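Colleague: Could you walk me through how to read the pockets, the ligand site and the backbone in a model like this?

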Amino acid sequence: MVNVDYIIVGQGIAGTMLSWALWQAGKKVIVIDDAKENSASRVAAGIINPVSGRRFEPAWMYDTIYPFAKDTYHQMSELLQVPVLTERRLWNVFPSQQMRDAFMKKAADGKYTALPEQLEYEELLDQPYGAAVVQGATVNLRELLPAWRKFLQAQGALRETHVDIAALDVNAERVIYEDIIAQKIIFCDGVATTGNPWFRTLTFLPNKGEVLLVRVPGLHTDDIIKKSITLVPQGPELFWAGSSFVWDYVDDLPTDKQREILEKSLQQLLKVPYTVEAQLAAVRPSGNDRRPMIGLHPEMPSVGIFNGLGTKGCSLAPYMAAHFTAVLQGDAQLMPEVNVNRYF
Ligand SMILES: Cc1cc2nc3c(=O)[nH]c(=O)nc-3n(C[C@H](O)[C@H](O)[C@H](O)COP(=O)(O)OP(=O)(O)OC[C@H]3O[C@@H](n4cnc5c(N)ncnc54)[C@H](O)[C@@H]3O)c2cc1C
């Protein structure tokens, strides 16, 4: 038998950051991931945005989670020798006078710097109401996830297979899965958790997002450009363009309907032609209260969950993984807002 402290199911951003935090704390982990091609983390743009929604409200806990995330991603970048975090301007094109007014009100409170005096991208973007600049960042998930996977593999801490929950042998003290015996198993399996019998009472509101990869000749920028659609640089003139939010969906595959909607938004943003190179879709693991779902099962303490990262996996995961690790070590109490007990 292989003896470990933790089995982690899933290596999206949740499983990546939790296995990192536990490894940093000196714990022995095995991560089991079935490499779903269109998992949320493999399709996401990795944006970290300090503000939420149309009213430019500060994102939840941003002042705490962002510095922590920045520091953690830099440490991972050094260890794994891949670029992870890139700080970027978020160029918010106002779609209406109302949005501009909402921003100006916030800017008057001293919360944000006002609009740039000189609008850039005038030849390329349709921005009659101007744009506001906020400082954001992106996490390079396309390199971070495979690099961490390779690192785990080199430590003998990765299994590339699907975990069959029905085959788990669980009691309050330990978990056995195939040849692995662990003190605990933590599910970081994203939207798949909706079918997990241990966490049936959790009220997930998963939502599907679709994305286009587009080439925009002449648009050279490191900025994230946001209107009703968001462009995130992926390479010379190549952009991730998304994404939609659909709660009522039949599967997790791209659809013609969303492509049409995304293209309409693109045409409202761009004054220049573009070509679509690919279309992707994935489902976000969101809870009904938009807060992470973290903790151990109240009746089976060898089974835990680290999930519900919703639209903000990249900003929330580093801090929440470190917090959960401290809780697992008995050094902290789980924040009530994220404690999975609220569902039991
Ligand atoms: C279109 C779109 C755009 C997004 N953009 C952003 C963004 O810009 N910024 C941001 O912060 N967030 C963004 N998000 C949200 C972000 O993707 C999620 O918050 C995050 O990816 C959730 O990560 P996760 O690890 O919980 O789940 P996932 O990424 O879904 O990972 C779950 C993993 O578990 C594995 N798995 C599942 N079941 C099993 C099993 N039984 N056995 C083995 N392995 C299993 C899967 O293969 C997968 O690798 C976006 C999401 C979408 C869909």
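This is a predicted model: local features need pLDDT of at least 70, side-chain atom pairs count only at pLDDT 80 or more; totals for chains, interfaces and linings use all residues.

**Reading the second largest pocket**

Modeller: Let's begin with the lining of the second largest pocket: E14 gives the most to it, 3 residues. Residues are numbered from 1 along each chain as its sequence is written, and side-chain values use heavy atoms, without hydrogens and water.

Colleague: Which elements each supply at least two residues of that lining?

Modeller: They are strand E6 (85–93), strand E7 (131–139), helix H5 (141–154) and strand E14 (230–235). The lining has 14 residues, and Arg88, Val139, Asn140, Pro233 and Gln234 lie nearest the pocket's centre. By class, 8 are nonpolar, 4 polar and 2 charged.

Colleague: On to the ligand. Which residues come nearest to it?

Modeller: Being near takes a heavy atom within 4 Å. Of the 39 residues around the ligand, the nearest are Asp33, Asp34, Ser41, Ile47 and Gly310. That shell splits into 18 nonpolar, 14 polar and 7 charged residues; Gly counts as polar, and Tyr, Cys and Pro are among the nonpolar ones.

Colleague: Which element gives the largest share of the shell?

Modeller: H2 does, with 3 residues. Helix H1 (13–24), helix H2 (40–43), strand E12 (207–215), strand E16 (275–284) and helix H7 (313–328) each bring at least two.

Colleague: And how do I read the polar contacts?

Modeller: Look for N or O atoms paired within 3.5 Å. A polar side-chain atom of Ser41 sits 2.5 Å from a ligand oxygen, and a polar backbone atom of Ile13 is 3.2 Å from an oxygen of the ligand. For Val163, a backbone N or O atom lies 2.8 Å from a ligand nitrogen. On its own the ligand has 1000 Å² of accessible area, and the protein covers 96% of that (Shrake-Rupley, 1.4 Å probe).

Colleague: What should I look for in the backbone?

Modeller: Most residues other than glycine have a negative phi, and most peptide bonds are trans. Here, Ala35 has a positive phi, near 55 degrees, and sits in the loop between strand E2 (29–32) and H2. Gly242 and Ser243 are joined by a cis peptide bond, with omega about -5 degrees. You'll find Ser243 in the loop between strand E15 (238–242) and helix H6 (256–269).

Notes:
A polar contact is a pair of N or O atoms within 3.5 Å; within protein, one must be able to donate a hydrogen and the other to accept it, and residues adjacent in sequence count only if both atoms are side-chain atoms. Helices (H or I, at least four residues) and strands (E, at least two) are DSSP runs, numbered from the N terminus. On a 1 Å grid over the protein atoms alone, a cavity is a set of points where a 1.4 Å probe fits but cannot get out, and a pocket is an open set with protein on both sides within 12 Å along at least five of seven lines; lining residues have an atom within 4 Å of a point.
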